[in-house]
Amino acid sequence: MRELVDTRTVLIGGEAGQGLVTVGQLLSQALVRAGWRICVTQTYHSRVRGGHNTWAIRFGAGEIGAPAETIDLLVALDQESIALHRGELAAGALLIADEGLDPQGTAGLRVPFAKLAAARQANVAALGVAGTLLGLLEELLAAGVEEMFGKKAPDAAAENRRALAEACRWTAEAGASFALPERPAAGGASRAMVNGNEALALGALSAGLRFYAFYPMTPSTSVSLTVAAHAAALGVVAEQAEDEIAAVNMAIGASFAGAPAMVATSGGGFALMVEGVSLAAMTETPLVVVVAQRPGPATGLPTRTEQADLEFVLHAGHGEFPRALLAPGNPEECFLLARKALFLAEMSQGPIFILTDQFLADSYRAVEPFEVRALPAVRAGHEGDVAAPYRRYAFVEGGVSPRLLPGRTQHLVVADSDEHTEDGHITEDLAVRDRMVAKRLAKLDVLRWEVLPPRLEGAAEGALLLVAWGSAGAAAAEAAAELRARGVAAATLHFTQLWPLDPQQFLATLRAAGRVIFVEGNATGQFERLVRRETGFEATGHVRRCDGLPITPAYVLRALAAQGMA
């Protein structure tokens with residue numbers, strides 16, 4: 001059961017182009033290497049330069065999966081950061097800002113950045129000040145600087161190391177202190193720092209991904225960048241297509257030829273891919289589609305987060321065909337569910353979806369290194385020969401026909417987007433049509449056998465049960481832990497698979513709870529509605545958020561209090 005963790009939050013604020021992400025990455029990395037757990041939240045505007053951006057690191061010794069709403073250390077790279085965030089400072093919080101900025105009455109360090117470093121190294125000087133206050137060794141910070149700049153720009157690396165050293169020295173002499181949370185136990189320094197998209201890409205690669213196509217679209221793009229970074233070493237083809245329509249159809253073609261394939265996009269890009277999704281279903285071609293959700297409709301808030309594409313993805317495509325929707329809640333689940341998606345796609349010979357969102361996509365965490373050496377990889381196609389005549393769409397029990405790979409068999413392999421006969425040729429025989437629809441739908445049973453049960457934390461009987469999915473799960477779990485600490489019986493039920501659902505896995509838990517509240521990042525309660533449709537279960541209430549920010553434990557608790565339940 002999740003326990004409350006003593007944490008602090010560092011927020012670095014500034015304009016795009018001020019090196020804010022560099023400071024954030026280096027400080028996060030140093031915290032992880034010092035043994036801390038982290039949860040990073042990034043906010044940025046949809047523009048190349050300018051606009052107020054933030055990198056927030058919540059850190060502590062225990063598991064952290066959700067952001068906090070208060071700031072303990074504000075690193076302000078510009079005046080606007082002070083004005084916008086001074087109201088979010090916790091009691092005893094500190095401000096780090098250039099001596100030329102107005103602290104507006106906020107306590108903290110006024111740093112002579114111009115004396116410590118040249119303007120282009122001011123961000124690294126801020127890293128030195130913040131890192132020293134957080135008790136991080138200069139050697140640890142310098143190692144990160146060297147890794148980031150050393151190989152590609154040795155001169156820049158040297159200048160940044162000097163700026164870092166000056167900032168660390170100045171901070172130590174300034175004598176400022178910062179109250180750290182309970183320190184982590186030894187042994188955590190071997191953890192890796194990854195965000196959700198990176199973990200997702202690594203999971204797919206570990207499962208035997210061989211073809212990946214994409215058209216860049218926030219917040220899915222870092223899946224593509226991660227796959228591309230490893231493609232040459234792993235023998236993977238990573239192709240940037242001219243648009244999403246081309247990307248999905250390339251992936252279907254590659255998969256037809258035997259290469260486990262995946263595409264990643266966001267809502268607007270997925271809208272363009274939908275006809276391709278139907279093609280994969282009709283041709284019974286394995287395909288994994290990652291949809292990194294952001295607020296819509298249309299361009300909406302392209303760099304913010306939401307969980308509002310569930311129903312879109314669940315119903316995308318024309319006609320009727322089986323599919324599975326997976327929704328990881330943290331980077332570890334991103335890795336595992338990306339692997340599972342590739343296996344499910346091959347097992348069911350059709351499209352499988354992974355729903356993530358901007359918060360999870362961009363959120364770095366400290367994770368135990370993924371052990372990949374003993375993990376099996378998916379094998380495409382039917383192994384072994386079949387008797388002639390070969391029928392690609394043979395009517396078989398369970399609906400999954402032997403899938404031979406063209407060019408790797410003596411048989412002719414025919415695929416057709418029209419309704420087809422067992423051997424793959426066009427037909428308008430309505431009796432065959434009827435049987436083919438039943439054959440394709442029968443594959444839903446294959447997916448049902450593999451449904452992941454939701455994870456229950458706490459005792460649900462008679463309790464206030466918070467039901468969440470995807471990235472909202474951690475905030476709900478921490479809110480429940482806070483309620484238990486106050487003496488309220490509370491539990492959580494977290495879903496990482498949204499379709500198909502197996503009511504036998506959770507309906508008794510819902511019925512046993514005293515009150516059931518659905519927590520999700522959309523305005524209409526899409527998952528709550530889906531559960532009601534499939535089971536008839538009526539929830540007590542809900543907590544919903546759709547302003548573009550991630551759900552936090554404090555947000556959940558405020559919403560429950562407003563409903564008289566906390």
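Colleague: Contact means heavy atoms within 4.5 Å. On that basis, which strands does H8 lie across?

Modeller: This is a predicted model. In it, H8 lies across strand E8 (211-214), E9 and strand E10 (261-265), and runs at about 140° to E8.

Colleague: What sheet are E8, E9 and E10 part of?

Modeller: An open sheet of seven strands, in the order E9-E8-E10-E11-E13-E12-E18, with mixed pairing. From one strand to the next the twist averages 20°.

Colleague: Which strands stand at the edges there?

Modeller: Strand E9 (237-240) and strand E18 (497-499). Each has a single partner strand, so one side of each is left without a neighbour in the sheet.

Colleague: How does E18 pair with E12, parallel or antiparallel?

Modeller: Antiparallel, over two bridges, with E12 covering residues 324-326. Leu 326 is opposite Gln 497 of E18.

Colleague: Back to H8. At what angle does H7 cross it?

Modeller: Roughly 35°, for H7 at residues 196-206 and H8 at residues 221-234, with the axes coming within 8 Å. The crossing is right-handed.

Colleague: And which residues meet?

Modeller: From H7, Asn 197, Glu 198, Ala 201, Leu 202 and Leu 205; from H8, Ser 222, Val 223, Thr 226, Val 227, His 230 and Leu 234. By class, that contact of H7 with H8 has six nonpolar residues, four polar and one charged.

Colleague: Which residues touch the most other members in the largest nonpolar core?

Modeller: Met 262, Phe 270, Leu 510 and Phe 527, out of 86 residues in that core. Helix H12 (residues 331-348) supplies the largest share, eight residues.

Colleague: What is Met 262 in contact with, leaving aside neighbours within four places in sequence?

Modeller: The partners of Met 262 include Leu 200, Phe 211, Tyr 212, Val 288, Val 290 and Leu 342. Val 223, listed above for H8, is also one of the residues in contact with Met 262.

Colleague: Other sheet now. What is the order of the five strands?

Modeller: E15-E17-E16-E19-E20, in an open sheet with mixed pairing.

Colleague: How many bridges join E19 to E20?

Modeller: Four; the two strands run parallel, and E19 spans residues 515-520. Phe 518 has His 542 in E20 as its bridge partner.

Colleague: Which strands do H17 and H18 lie across?

Modeller: Helix H17 (residues 526-535) lies across strand E16 (464-469), strand E17 (490-495), E19 and E20, at about 130° to E19. Helix H18 (residues 553-562) lies across E16, E19 and E20, at about 140° to E20.

Colleague: Last one: is Glu 139 buried or exposed, and why?

Modeller: Exposed, because its relative accessible area is 60% and exposed means over 50%. Glu 139 is in helix H5 (residues 138-149). From Glu 139 to Ala 508, C-alpha to C-alpha, is 54 Å in space and 369 residues in sequence.

Key. Residues numbered from 1 in each chain as written. Predicted model: local features only at pLDDT ≥ 70, side-chain atom pairs only at ≥ 80, totals over all residues. Heavy atoms only, no water. Axes fitted to C-alpha atoms, helices over the stretch in contact; angles between N-to-C directions. Left-handed = near helix turned anticlockwise from the far one by under 90°. Nonpolar A, V, L, I, M, F, W, Y, C, P; charged D, E, K, R; others polar. Pairing = 2+ DSSP bridges. Core = buried A, V, L, I, M, F, W, Y, C linked by side-chain atoms within 4.5 Å. Buried < 20%, exposed > 50% of the residue type's maximum accessible area, 1.4 Å probe, protein only.
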